[in-house]
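Have a look at the picture first, then read on.

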Amino acid sequence: MVFEFVDFHCHLDLYPDPEEAMAECVENGVYVLAVTTTPKAWPRNKEMTRGFKTVQAALGLHPQLVAERASEIDLWEEYLPQARYVGEVGLDAGPRYYRSFDQQRLVFKRMLRACARAGGKILSVHAVRAVTAVLDMIETDLPSTRGRVVLHWFSGNQTEAKRAVKLGCYFSINSEMLRKHRSLEMVAALPMDRLLTESDGPFIQCNDRPTKPNDIPIMVRELAKARRSKPSEIAGVIRRNLLELVSEERSWC
Ligand code: MN
């Protein structure tokens, strides 16, 4: 598998031309996890990424959509045997979504249990104002021997980060996480062997336009600065972490 950079959380299907966005990643050597927000998008994403080793589709049901789409958990579960990667899933207790929080918890619990039963799944998890709840549920329902969690846009404090590390979680870091002093400090203290990068495109802006997986090198430079390391070293560490995470030979698969 040949790639230089890693974008472990990108909504490729939400760009105006997803096929073109994907071709650009392949051409530029960016490994991409194409997350989805509803299981209805799964067949299309799976088809688009078929045959590509460095672009993988993930089966999702976004917590922000659970209020209107909770019933799609049945479809999500039906597709799960076809998917090795799961996301975007998780919990969101932010002001716009806390009303559906109980429903989100039920859906997320069902997902974690289904993943634990199946084994070998890799999840990209959203946790907004719900870090403790997400970690509690991972601890109860998805042991690290049954699946792996990558916390996307992790917004917890250092204590919560340490707990996540103990639970076996990885962290996909995006450019927004490097903007604020508090989260920058948290990122700088994470163990090197749990770091990945993500764009969360097209939701994050870069130079006044929606960011793309191609912007990952810019972020790697910033991350290297925060970690007092060289961009080439950080990029190498992230490549190794990705290969370790997705390796088929892992004992838990
Ligand atoms: Mn996202």
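How are α6 and α7 oriented to each other? They are roughly parallel, a label for angles under 35 degrees. Keep in mind that this is a predicted model, where local features need pLDDT of at least 70, side-chain atom pairs count only at pLDDT 80 or more, and totals for chains, interfaces and linings use all residues. Residues are numbered from 1 along each chain as its sequence is written, and side-chain values use heavy atoms, with hydrogens and water left out.

**The helix pair**
- Helix α6 (residues 131-141) and helix α7 (residues 158-166) have axes that come within 11 Å and cross at roughly 15°; axes here are lines fitted to C-alpha atoms over the stretch in contact, with angles from 0 to 180 degrees between N-to-C directions.
- Helices are DSSP runs of H or I with at least four residues, while strands are E runs of at least two, both numbered from the N terminus.
- On the α6 side, V131, T132, L135, D136 and E139 make the contact (heavy atoms within 4.5 Å).
- On the α7 side, the contact is made by E160, R163 and A164.

**The sheet**
- There's an open sheet of 8 strands in the order β1-β2-β3-β4-β5-β6-β7-β8, with parallel pairing; two strands pair if DSSP finds at least two bridges between them.
- The edge strands, β1 (5-10) and β8 (195-197), each pair on one side only.
- Strand β5 (residues 121-128) runs parallel to strand β6 (residues 147-152), and 6 bridges join them.
- K121 has G147 of β6 as its bridge partner.

Technical notes: Angles under 35 degrees count as roughly parallel, over 145 as roughly antiparallel, 65 to 115 as roughly perpendicular and the rest as oblique.
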